[in-house]
Amino acid sequence: MPADLQQQYSLLTQEGEAQDEHNSIENPRSSSTYEIPLGPFLQKHPAWTRLTKLALIQVGILVVYTVLLCAIGIFIFPEIFHQSRNPYDLKYNALNDAYRYQVREVDYNFNTTNPFNGAPIADIEEEWTYLMNGAHTLRVPEADMKKMNMTSIQVNDGSGDYLAVPIGYHMLHCLYNIYRYAHPEFYGEDEGGPAWIMKHTDHCVDNLRQFVQCHVGTGFETYKWLDTRKIPWPVVSTEEVCVDWTHFDGWVRERGIPAKDMATWRDGALVSHPKYGPVYGEDYYNRTLPGPDHPH
């Protein structure tokens, strides 16, 4: 074969092989799978191998750091990553051990009967007396007060303890006073007179409004049909997740200052005013100093 023809044949053969290789890689209709031979390329370019390994190592380190940062963030700032369902995750409470929860049926209906419902009689007043005259005032250690970011008045015995009353008892105090004001035929007219009754009632109603909006409750008002009415009738007896009151009240009474000591202030031994000195029981009725319109 002449040299020029042999050269042309060689060129055509090389072009054909190149075309076949191209088709075998890029032709999506091919039923066979072909791999691009990168080995020779990487052998000729070892820098690419080093860069690939370095990139993989850096990506791995980045992933590890990201996971660690997220874990630390969730631990330190849980409120940023999720809405906490446990109130003690949001704020420390010195009464944590006093709280136990239970699911129970609570009857809010008009015709409900319980020891506190109805016009005042001796038995009902006895229930209120027990509820309101327990050892509700606690001695809270200074360390707990600091954790709760609160302050109060310290007792005189050098322990550093502070006086504090769980807020639920204040709400019971408000309810009891509204109940008293609604039944002057049993309790008599309050010594503060109509102006004080109105002011105190407004205060207590607003306190209870805030308390309800803060704690909301977990139950539902539902409806039922009555033969005597065409429109739905509300049913306000519902299951609630409640604090176990017996346990809570018992826990507080066991640790609280007896009511008789709070009534007399232990004859000056419990607390002292920084300006006027020890506080005594008769100071409840001291009107010689400026103060509130009426003892709360």
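These legends accompany close-up views of a predicted model.

**View 1. The largest nonpolar core holds 18 residues.** Six residues have the most contacts inside this core: Leu95, Trp128, Leu138, Phe248, Trp251 and Val252. Four elements each contribute two or more residues. They are helices α6 (122–132), α8 (167–182) and α11 (245–255), together with strand β2 (138–140). In soluble globular proteins, nonpolar side chains tend to be buried together.

**View 2. Leucine 138 and its contacts beyond four places in sequence.** Leu95, Trp251 and Val252 are among the residues that leucine 138 touches. The list also includes Tyr162, Leu163, Ala164 and Pro166. Arg255 and Gly256 complete the set. Another core, of seven residues, lies apart from the largest one. Val155, Leu163, Ile257 and Met262 are among its members.

**View 3. A disulfide joins cysteine 174 to cysteine 204.** The two sulfur atoms are 2.5 Å apart. The count for the model is one disulfide. The torsion about the S-S bond is about -70°, so the disulfide is left-handed. The pair links distant parts of the chain, 30 residues apart. Cysteine 174 sits in helix α8, and cysteine 204 in helix α10 (residues 193–215). Both cysteine 174 and cysteine 204 are buried.

View 4. The cut-offs are under 20% for buried and over 50% for exposed.

**View 5. Strands β4 and β5 form an antiparallel pair.** Strand β4 covers residues 222–226, and strand β5 covers residues 229–235. Four bridges join the two strands. Leucine 226 has arginine 229, in β5, as its bridge partner.

**View 6. Alanine 259 lies in helix α12 (residues 259–264).** Its relative accessibility is 30%, so alanine 259 counts as partly exposed. Beyond four places in sequence, alanine 259 touches Asn133, Gly134 and Ala135. The C-alpha atoms of alanine 259 and methionine 132 are separated by 9.4 Å. Along the chain, these two residues are 127 residues apart.

Methods: Residues are numbered from 1 along each chain as its sequence is written. This is a predicted model: local features need pLDDT of at least 70, side-chain atom pairs count only at pLDDT 80 or more; totals for chains, interfaces and linings use all residues. Side-chain values use heavy atoms; hydrogens and water are left out. Buried means under 20% relative accessible area, exposed over 50%, partly exposed in between (1.4 Å probe, protein chains only). Contact means heavy atoms within 4.5 Å. A nonpolar core is a set of buried Ala, Val, Leu, Ile, Met, Phe, Trp, Tyr and Cys residues joined through side-chain atoms within 4.5 Å. Two strands pair if DSSP finds at least two bridges between them. A disulfide is a pair of cysteine sulfur atoms within 2.5 Å.
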